[in-house]
Amino acid sequence: MSNARDTAKNLKTGLNVAAAGSIIDVQKANSTVGQISNIGNDFVVGSSTGSGAGLRFDGSGNLMYPSNSLGNSRDNAVDLGASSVRFKDLYLGGGAYLGGTGASNKLDDYEEGTWTPVLGGSTSTSGQSYSVQAGTYTKIGNTVNAHAYIALSSVGTVSGTYAYIMGFPFNVTNSNGSYPAFPIGYFAGLGQNVSSLGGYLNKNTPTAYVTFRQGAGTSIQYLSAGGIGAAAIIFSITYNTAA
Amino acid sequence: MALTEETVQDKLEIVGDFKHIQVRTATIIKKDGVEISRSFHRHVVAPNSDVSGESDDVKALATQFHTDAIKTAYAKHLAESDPN
């Protein structure tokens with residue numbers, strides 16, 4: 001043990017040991033309850049009771065991980081917080097591995113926000129006005145949950161073989177398994193008689209087709225730009241995105 | 001006490017084969033210069049999008065990434081996925 005003063009006259013105490021192991025034992029009634037230790041070039045602090053619960057700080061590896069009070073690893077054995085004694089917020093610049101350590105187990109993004117849904121034509125859309133044009137989304141990992149309420153007060157000039165819903169907050173993944181479909185739970189004011197309305201996002205685009213039936217047992221048809229009318233629609237969709 | 005609001009495009013992402021530009025616009029509320037709130041709005045700029053109303057940064061990305069080859073490939077993709 002050594003004592004010294006730095007250039008600002010601050011007293012500094014040093015503990016210098018030659019071997020790995022405990023540097024300071026903290027005892028209660030002559031029983032060790034905690035230790036400050038070293039192992040390799042790492043610093044360790046922790047409780048020595050039971051199997052031990054501590055943290056090993058590896059500055060070279062830019063990490064700290066659970067160990068016993070002497071720095072021996074305790075993989076998948078030590079909790080962070082408890083059901084009635086929780087940490088508050090967790091700030092991560094990266095992600096969290098849940099249920100495994102593979103890339104598929106990594107939750108690397110969470111975001112809430114808004115988007116502006118547009119109901120237009122596949123060839124052109126201009127001069128529209130809306131009484132309601134609102135969208136919200138929540139992105140969890142690569143999964144997007146989007147909700148929209150659109151009510152056109154003026155359809156403006158739209159043209160095209162198809163009616164498109166545009167403005168989605170994220171692009172859809174490029175996969176044949178990525179034609180996410182959705183029912184349209186409310187609709188009114190269409191320029192076409194329909195009995196049910198839905199749609200699906202086209203893969204590798206931020207654009208959805210609108211589909212409808214004219215009656216029970218009839219086949220699905222695609223709504224055209226001319227069928228939009230003064231439509232009001234409400235829908236929700238879940239889809240995957242690449243980023 | 002001064003409340004201010006500013007809008008910035010705080011994330012621009014180029015994604016997928018067709019270089020879609022994902023734009024995140026943040027609305028930041030500050031109290032005496034300290035951020036107290038940040039909310040997000042999203043949109044995507046496709047290779048066939050009209051970028052005349054986009055920011056200079058997005059226009060620059062569109063110029064860089066939405067080349068004629070990409071626009072042609074995207075048009076082909078849309079044609080191939082046309083239900084008719």
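Q: What do buried, exposed and partly exposed stand for here?
A: Buried means under 20% relative accessible area, exposed means over 50%, and partly exposed is the range in between. The model these terms are applied to is predicted.

Q: Why is B:Arg38 called partly exposed?
A: Its relative accessibility is 35%.

Q: What makes the contact of B:Arg38 and B:Asp10 a salt bridge?
A: The N to O distance between the two side chains is 3.2 Å. The cut-off is a side-chain nitrogen of Lys or Arg within 4 Å of a carboxyl oxygen of Asp or Glu, so the pair qualifies. B:Arg38 is in strand β3 of chain B and B:Asp10 in strand β1 of chain B, 28 residues apart, and the pair links these distant parts of the chain. B:Asp10 is partly exposed, with a relative accessible area of 27%.

Q: Which residues are joined into one network by salt bridges that share partners?
A: The network holds A:Glu111, B:Asp10, B:Glu13, B:Arg24, B:Glu35, B:Arg38 and B:Arg42. Over all chains, the whole structure has 11 salt bridges.

Q: How do you know that B:Lys30 and B:Glu6 meet in a salt bridge?
A: Their side chains come to 3.2 Å, N to O, and the limit is 4 Å. B:Lys30 lies in strand β2 of chain B and B:Glu6 in strand β1 of chain B, so the pair ties together parts that are 24 residues apart in sequence. B:Lys30 has 23% relative accessibility and counts as partly exposed. B:Glu6, at 31%, also counts as partly exposed.

Q: What makes A:Asp109 and A:Lys139 a pair that ties together separate parts of chain A?
A: The two side chains form a salt bridge at 2.6 Å, N to O. A:Asp109 lies in the loop between β9 (106-107) and β10 (110-115), whereas A:Lys139 is in strand β13 (residues 129-140), so the bridge joins parts 30 residues apart in sequence. Both residues are buried, which means that each has under 20% relative accessible area.

Q: How do you know that the buried residues of helix α1 of chain B lie on the same side?
A: The helix covers residues 56-65, and its buried residues are B:Val58, B:Leu61 and B:Ala62. They cover an arc of only 100 degrees around the axis, which puts them on the same side of α1(B). An α-helix has 3.6 residues a turn, so residues three or four places apart point the same way. The buried residues pack against β1 (3-15), β2 (20-31) and β3 (34-45) of chain B. On the face turned away from the buried side are the exposed residues B:Asp56, B:Thr63 and B:Gln64.

Q: Why is A:Val26 called partly exposed?
A: Its relative accessibility is 42%, so A:Val26 counts as partly exposed. A:Val26 is in strand β3 (residues 21-28) of chain A. Together with A:Met1, A:Leu15, A:Ile24 and A:Val33, A:Val26 makes a nonpolar surface patch of about 460 Å².

How values were computed
Residues are numbered from 1 along each chain as its sequence is written. Chains are lettered from A and ligands numbered from 1 in the order in which they are written. This is a predicted model: local features need pLDDT of at least 70, side-chain atom pairs count only at pLDDT 80 or more; totals for chains, interfaces and linings use all residues. Side-chain values use heavy atoms; hydrogens and water are left out. Patches are made of residues with over 30% relative accessible area and no salt bridge: like charges are joined within 9 Å, nonpolar side chains (Val, Leu, Ile, Met, Phe, Trp, Tyr) within 5 Å. Accessible areas come from the Shrake-Rupley method with a 1.4 Å probe; for residues, only the protein chains shown count as cover. Helices (H or I, at least four residues) and strands (E, at least two) are DSSP runs, numbered from the N terminus. Buried means under 20% relative accessible area, exposed over 50%, partly exposed in between (1.4 Å probe, protein chains only). The arc is that of the directions from the helix axis to the C-beta atoms. Contact means heavy atoms within 4.5 Å.
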